[in-house]
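The sequence and the model come first.

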Amino acid sequence: MSQLKLPPYQKRKTSSTANRPTTLNVGGPAGCPGPSQSKKSPLGYGMQTPDECPSLPDGFLPLPSQVAGHAFHKGTDSLGLLKSIDDGSVLKPVAKLLAGAREIKFYEQIEQATGEQKELVALRELIPRYRGHQKLPIGGELIEFLRLEDLTQGMLEPCIMDVKIGRRSWDPMATEEKRRYEASKYVESRDAYGFCVPGFQFYSLQTGRLQRYGKEYGKRLTAVTVRDAVRRFLNADVGLCRQQLIQFLTDLWNIQKWARTQTSFRLYASSVLLVYDARRLKPVLQHSGRKSPRTPGTPGTPVAGGGGGGGASTPGTPTFCTTSINELGDVEPLQHYFQIQRSHSSNHNYEEDIKIMKENYTFMLDNLVGSYEEKIWARARMIDFAHTFPLQPTEQPSVDRNYLDGIDSLVKLFEGLLQDCELQNSPRQGVA
């Protein structure tokens, strides 16, 4: 298709594309200038202004949170993911005739699967919801798109990592040149883990800024630095979050279970997309890292009337805790105000408590703006099935070892982080 960018290993074959520059976007969302590169757009932070976008039909914009794959770039013929303003769907271009048709067929197989097709029925819960496919006029051509659920819908600060599963990423129909090209990428991380990281973005809790890492960063990752990249994505420099890791692992364990039992398909160049909301992570980490010095019975906490101490321990006097948060991360700031007022005369940290209360009010406002009726704010889903093939009639039924080894390694990495988290939160020896 003339409007789509050729992969690098094919570029030298066509004179019209040989001299076109390759752009790596490291500033703003994929296909959009970073904060230091462009003025503010009326479409919102990170979105392209009309003169930067290709001509798109009304109601569609370039997806601002794309972290891997071809994306829209000014001055090129690259076609990336779109976002539907109407229902929030993500539209993925069906770029290659055979691979695109294969992916549509696979999604429709999953959607139409009955109880007898257990592997496909189970897979339905592990992927973004499929919403069909449609054609849109782009640059004078009708381009077909898959319509999929946006896994970041309702997230205020979406953090996204694309993890491509498998040491082998080329399918059985690939040319020898394609195989050599694919085998030359992400060598160290694939050898060590059976997966690679083509890209990710996250909102740093330390700076509040969006940070993006593209494929060139991913290609340099080693057996050691892959783990560092995942920790960076999780904002682990602030502290590992048990709730976040458990939510990811719940999905990853389900994907692993499917991969350990299915014997009907071979998945090549398929990814697991990890997404979470940094705005939900922040108060959970604040709570887990903060102890209330005014809790009755806490060593070193004076009681009321005991010389200007903290919170009262006398019957009928409420105890103030700096942040009230339940197991699912819901902050409840309203109840604290009068408690702060009642303890004002004896509370040396009054200003700090008011500041924390304001932070909690901000979070409560976010609850109203975002889709925060959802208790799950971190999830993992399988994506990209353009190179998924059914088991051939001549093959003996067996698990897809290429995919299973990669997902096993990813699960093991997250289980190790959960272990680190438990150690981080366990009482230190000799500390009361």
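Arg167 has a relative accessible area of 38% and is therefore partly exposed (buried means under 20% relative accessible area, exposed over 50%, partly exposed in between, with a 1.4 Å probe and protein chains only). This is a predicted model, in which local features need pLDDT of at least 70 and side-chain atom pairs count only at pLDDT 80 or more, while totals for chains, interfaces and linings use all residues. Residues are numbered from 1 along each chain as its sequence is written, and side-chain values use heavy atoms, with hydrogens and water left out.

The structure holds 16 salt bridges (a side-chain nitrogen of Lys or Arg within 4 Å of a carboxyl oxygen of Asp or Glu). Three of them are listed here.

| Salt bridge | N to O distance |
|---|---|
| Asp405 and Arg167 | 3.9 Å |
| Arg231 and Asp420 | 4.0 Å |
| Arg260 and Asp408 | 3.6 Å |

Arg260 is in helix H9 and Asp408 in helix H13, so this pair ties together parts 148 residues apart in sequence. Arg260 is partly exposed at 48% relative accessibility. Another network, formed by salt bridges that share partners, joins Lys92, Glu103 and Asp384.

Helix H9 (residues 242-261) also contains Gln247; helices are DSSP runs of H or I, at least four residues, and strands are runs of E, at least two, numbered from the N terminus. Gln247 is buried, because its relative accessibility is 8%. A polar atom of its side chain lies 2.9 Å from the backbone nitrogen of Trp377, and one lies 2.9 Å from the backbone nitrogen of Ala378.

Conventions. A polar contact is a pair of N or O atoms within 3.5 Å; within protein, one must be able to donate a hydrogen and the other to accept it, and residues adjacent in sequence count only if both atoms are side-chain atoms.
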